[in-house]
Amino acid sequence: MHCSIEKARREHRHLLEPEVLSLLRDYGLRVPPHKVVREEPEALDAARAMGWPVVMKIVSPEILHKTEAGGVILDIQNEKHLRDAFSRLSSLRDQGKRVEGFIIYPFQKHQVELSVGLIRDAQFGPVITFGLGGIWIEVFRDLAFGLAPLSPEEAEEMLESIRGRALLRGFRKQPPADRQSLTELLVRVSRMAEKEEAIQEMDLNPVFPLDQGYFIADARIIL
Amino acid sequence: MTGHPLDSFFAPLAVAFAGSVKPGKIGFELIRNMKEGNYEGEIYPINPAGGDVLGYRVYPSVSALPGKIDLIVISLPHQAILDSLDQAGARGIKAAVVISSGFSEVGNDQAEKTLVETARRWGIRLIGPNCAGLMNPWARHFPSIEVRALPGYTALLTQSGALGGAALALAEERGFGFSKFISYGNRCDLGDIELLAYLADDPQTRAIVVYMEGVDRGREFLRAAKSASLRKPVVAIKAGRTRAGTRAASSHTGTMAGVDEVYNAAFRKAGILRVEGVEEMFDLCQAISHCPLPEGNKVAIVTNSGGPGILAADKAESLGLNVNEPSPSLVESLKPRLSPHASLKNPVDLTVESGYEEYAAALEAVLSEYDAAIVINVATPYLDSTGIARGVIEAAGRRRKPVLTSFMAGRIVKDAVGLLDEAQIVNLATGERCAFVLSKLTERTKILERSPFALLD
């Protein structure tokens, strides 16, 4: 069992976002650069080092759905924005939520938003999903399902079986997605699902397909 | 018998029936089904009342039976079952079917546990309880309360006896036969998993159909189905397609994932072909029993009428089949042999007055370029459709490619359909149904071509 899962279980909580990212990295996924900070000056340093714009999110064991709780601030363009963002997120801490810090990522925007998910079925074990992500996941429910472990061939079939597959081929000046790294992503998630039996559910959403690799903009794991 | 431990169930030389021998009771009906099915082995009714039933002597107890018994079929009330199993065990009987209900299906888990323990003590394998029995029509062996199946090449494994029974009744009407029928009920010992393995080895079985409501050992079931599906097609009818919103989930993925999609993913992993219902199952299994598999997904449609051809083409395309136009060279070779009004596209529309020559020529030509063909004939009463059937049979016989036909309709094509049947060409009511079958055969080809599946567990 991965050490961060062990720790979270001991503390009877879900994984925090930085822990999710380190877990994903240990299973060979590409995770975006990020930094966890506690104070404003640290946040400013991190953002400057990463380059503007950035995203800042709250890291709290008590907040699972961060966006709904107002715990995510996107597209922070400069130092002034960052200070505002910091004080807004800090107010959540002041409301009595346990807050471990704030996580800062480079801000990415992409026309195509994908999702990769994992559920554990009582009968069939881990099931991996792939499809459109972002807010479209609820609207279109355009998801492919595959039982773990996935072979690269099965992962490729999943890519090909969503209705929105044309989005992966590049459209309106968008470059085509890097299919090989997307299939690799699915295969690795499926391996992780088999090894880490404590993981009950996972959302990587949104995931942006890049012309090389992909960008996981948000990750959540339920134990 | 080939020496498989489960052969006692399917090809016994002597069968005992412990149950009522009163007409209308299950025990009696089982014996009657055996007798009317012309079972050639020994039949031993067991009932303390003694006497005779249907011409067989009734023995008072299992212990009183003469000779070697391979199988006992029990339809006794609860309290008498264990005693009868004990006696069967003492007589060296190793196979028992328990038809009686009132076990785990009504929450009586303890009784079921005791039943299994008793059987295990004697090394008896069990099918049931709460089941409708089994059949091996090739051995004229019908220890079941359902309509006797005709002999055929499809094995039907069903959890629900009633659903299985309904399928058998429909099959009889259609003339569809079975290699084996097994209603496994509560699967307290032998269930879908063990029986899949048996049927994978069964030489009379060309396709295995699993009629299921749910699974209880999911991954094991998939492994068994996968190893069976590498040898012969495994087809599943899964009841309960509705998206159950019951999954308690905290993630988006969790709330989005319907039970049905998970089943589809599981079936795909195991190489199982899913169908929606009994009709589709019959269509597909009939084709599996008689058609070669297509090498690819290119399908030609040959018709003498536009509408039905287009409906078939649309259906084929929506199911992922390739209904591309014929190549210029194929068009050139067809031209001189068909009516000047024929439409040389896909569908190839021969026009209404085409007969033997045109059908044979068109089918032969398209099969040189396509992987499979659907031949539609909308018959007119004044033209002889048996000639057309002959043309199709001849052309289809020259290549090992799947050809499905839809001769329409009713009385005027009865003779033609008879010829097609004889030639083992599958004829279905519509071209759309042919397209569905071809899409599943193509899926089967892909399953066999798939590089070794990622391992399960």
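**Domains of chain B**

I began with the domain division: chain B splits into domain 1 (7-130), domain 2 (137-290) and domain 3 (299-445). I kept in mind that this is a predicted model.

Next I checked how domain 1 and domain 2 of chain B sit relative to each other, and their C-alpha centres are 26 Å apart. Their contact draws 28 residues from domain 1 of chain B and 16 residues from domain 2 of chain B. On the domain 1 side, I noted that α2 (26-36), α4 (109-122) and β7 (125-127) of chain B are the elements giving two or more residues. Which of them gives the most to that side? I found that α2(B) does, with five residues. I also sorted this side of domain 1 by class and got 17 nonpolar, six polar and five charged residues.

**Overall numbers**

I then stepped back to chain B as a whole, which has 16 helices and 18 strands. Along the principal axes, its C-alpha atoms fill a box of roughly 80 × 60 × 35 Å. Of the 457 residues in chain B, 50% are buried. I looked at contacts with a separation of 6 or more too: in chain B, 73% of them join residues 24 or more positions apart.

**A six-stranded sheet**

I traced an open sheet of six strands in chain B, in the order β8-β10-β9-β11-β12-β13, and its pairing is mixed. At the edges I found β8 (133-135) and β13 (272-275) of chain B, each pairing on one side only. Ignoring direction, neighbouring strands of this sheet are turned by 30 degrees against each other on average.

Strand β9 (residues 150-158) and strand β10 (residues 177-183) of chain B run parallel and are joined by seven bridges. Here I spotted Leu156(B) opposite Phe181(B) in β10(B).

Strand β5 (residues 71-74) of chain B pairs with β6(B) in the parallel sense over three bridges, and the bridge partner of Ile72(B) in β6(B) is Ala96(B).

I met Ala96(B) again in the largest nonpolar core, which has 208 residues: Ala96(B), Val209(B), Leu363(B) and Ala373(B) touch the most other members. Helix α13 (residues 356-369) of chain B supplies the largest share of this core, eight residues. I listed what Leu363(B) touches, leaving out residues up to four places away in sequence: Val302(B), Ala373(B), Val375(B), Val392(B), Ala395(B), Ala396(B) and Val403(B).

**An exposed glutamate**

Last, I looked up Glu332(B), which is in helix α12 (residues 328-334) of chain B. Why does Glu332(B) count as exposed? I counted 11 C-beta neighbours inside 10 Å, so Glu332(B) falls in the exposed class, for which the limit is 12 or fewer. I also noted that the C-alpha atoms of Glu332(B) and Leu344(B), 12 residues apart along the chain, are separated by 9.2 Å.

Methods:
Residues numbered from 1 in each chain as written. Chains lettered and ligands numbered in written order. Predicted model: local features only at pLDDT ≥ 70, side-chain atom pairs only at ≥ 80, totals over all residues. Domains from an automatic or database assignment. Contact = placed C-beta atoms within 7 Å. Helix = DSSP H or I, 4+ residues; strand = E, 2+ residues; numbered from the N terminus. Nonpolar A, V, L, I, M, F, W, Y, C, P; charged D, E, K, R; others polar. Pairing = 2+ DSSP bridges. Axes fitted to C-alpha atoms, helices over the stretch in contact; angles between N-to-C directions. Buried ≥ 20, exposed ≤ 12 C-beta atoms within 10 Å, placed from the backbone. Core = buried A, V, L, I, M, F, W, Y, C linked by C-beta atoms within 7 Å.
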